[in-house]
Amino acid sequence: MAGHSQFANIMHRKGAQDKKRAKLFSRLVREMMVAARHSPDPEGNPRLRAAILAARAVNMPKDNIERAIRRGSGQEEGVTYEEVRYEGLAPGGVALIVEALTDNRNRTATDVRTIFGKNGGKLGELNSVAFLFSRVGTVLYPAAAASADAMFEAALEAGAQDVASDAGRHEITCAPDDLAAVRDALEKKFGAAESAKLGWKPNSTVPVADEAVARDLFKLVEAIEDNDDVQTVYANYEIAEDLMQKLAA
């Protein structure tokens with residue numbers, strides 16, 4: 001299992017636990033507010049459209065969604081969030097990229113640094129590990145949207161670089177500049193995407209074979225994801241399926 005964590009992964013994992021529901025709603029509200037700064041119209045704003053779909057998928061009340069859009073677009077007073085990125089190393093030499101939305105950069109930086117330090121990691125400077133990843137556009141569809149073959153053919157025809165399909169979903173990757181064109185072409189065939197955003201894909205992976213190291217790695221990643229300001233965590237680890245099953249037991 002590769003450690004290419006996506007927002008949808010976090011959304012699903014958090015949404016499965018009632019006690020995490022408030023944090024999930026907060027993250028989705030922040031995403032909608034930041035996206036709405038560009039335009040409050042989801043038809044012309046793919047990022048906002050994807051955020052609204054994610055919010056609806058976890059049954060966020062319509063009033064919450066509309067309020068987030070109004071605040072983000074300046075139609076209603078509210079907190080202003082900005083996008084920040086952190087990079088560092090986890091146990092086993094695994095590289096992490098952490099994306100967050102915050103209303104207080106100093107607070108978030110301190111919190112993330114503390115989490116790294118307390119869990120065997122080390123927070124680095126900006127771009128300290130980014131060279132180990134490539135910036136890519138990522139479009140996500142549920143597996144039910146199309147067969148793996150149909151999605152593969154449509155994605156390549158639209159200009160995508162790669163398609164990874166499994167029992168749960170299709171993950172289409174493309175060059176950052178091609179994201180809009182790929183998304184639009186796929187949405188004409190399969191309807192609205194579950195998510196369409198820029199992200200990070202590891203250029204190569206770091207194998208983690210030791211169980212203790214793997215547990216420490218996951219402990220750090222989970223602690224980072226539990227921070228209210230964190231939206232997405234990307235990592236470059238690779239763990240064999242048998243070890244993953246042991247960790248899940």
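Modeller: Before we look at this predicted model, take one term: contact means heavy atoms within 4.5 Å.

Biologist: With that in hand, which residues is Gly137 in contact with, leaving aside its neighbours within four places in sequence?

Modeller: Gly137 has its place in strand 4, which covers residues 133–142, and, once neighbours within four places in sequence are set aside, its contacts are Ile172, Thr173, Cys174, Ala175, Pro176, Leu179, Lys197 and Leu198. Take Cys174 from that list: Gly137 and Cys174 are 37 residues apart in sequence, yet their C-alpha atoms are 5.0 Å apart in space.

Biologist: Is Gly137 buried or exposed?

Modeller: The cut-off for buried is a relative accessible area under 20%, and Gly137 has 0%, so Gly137 is buried.

Biologist: How should I read a pair of helices, and at what angle do helix 6 and helix 7 cross?

Modeller: Two packed helices are described by the angle between their axes and by the distance between those axes. Here the axes of helix 6 (residues 148–158) and helix 7 (residues 179–190) come within 9 Å and cross at roughly 140°, which makes helix 6 oblique to helix 7. Their crossing is right-handed, and the contact is made by residues including Ala150, Met151 and Ala154 of helix 6 and Val182, Ala185 and Leu186 of helix 7. By class, this contact of helix 6 with helix 7 has nine nonpolar, no polar and two charged residues.

Biologist: What is the handedness of the crossing of helix 8 and helix 9?

Modeller: The crossing of helix 8 and helix 9 is right-handed, and the axes of these helices come within 11 Å and cross at roughly 65°.

Notes. Residues numbered from 1 in each chain as written. Predicted model: local features only at pLDDT ≥ 70, side-chain atom pairs only at ≥ 80, totals over all residues. Heavy atoms only, no water. Helix = DSSP H or I, 4+ residues; strand = E, 2+ residues; numbered from the N terminus. Buried < 20%, exposed > 50% of the residue type's maximum accessible area, 1.4 Å probe, protein only. Axes fitted to C-alpha atoms, helices over the stretch in contact; angles between N-to-C directions. Parallel < 35°, antiparallel > 145°, perpendicular 65-115°, else oblique. Left-handed = near helix turned anticlockwise from the far one by under 90°. Nonpolar A, V, L, I, M, F, W, Y, C, P; charged D, E, K, R; others polar.
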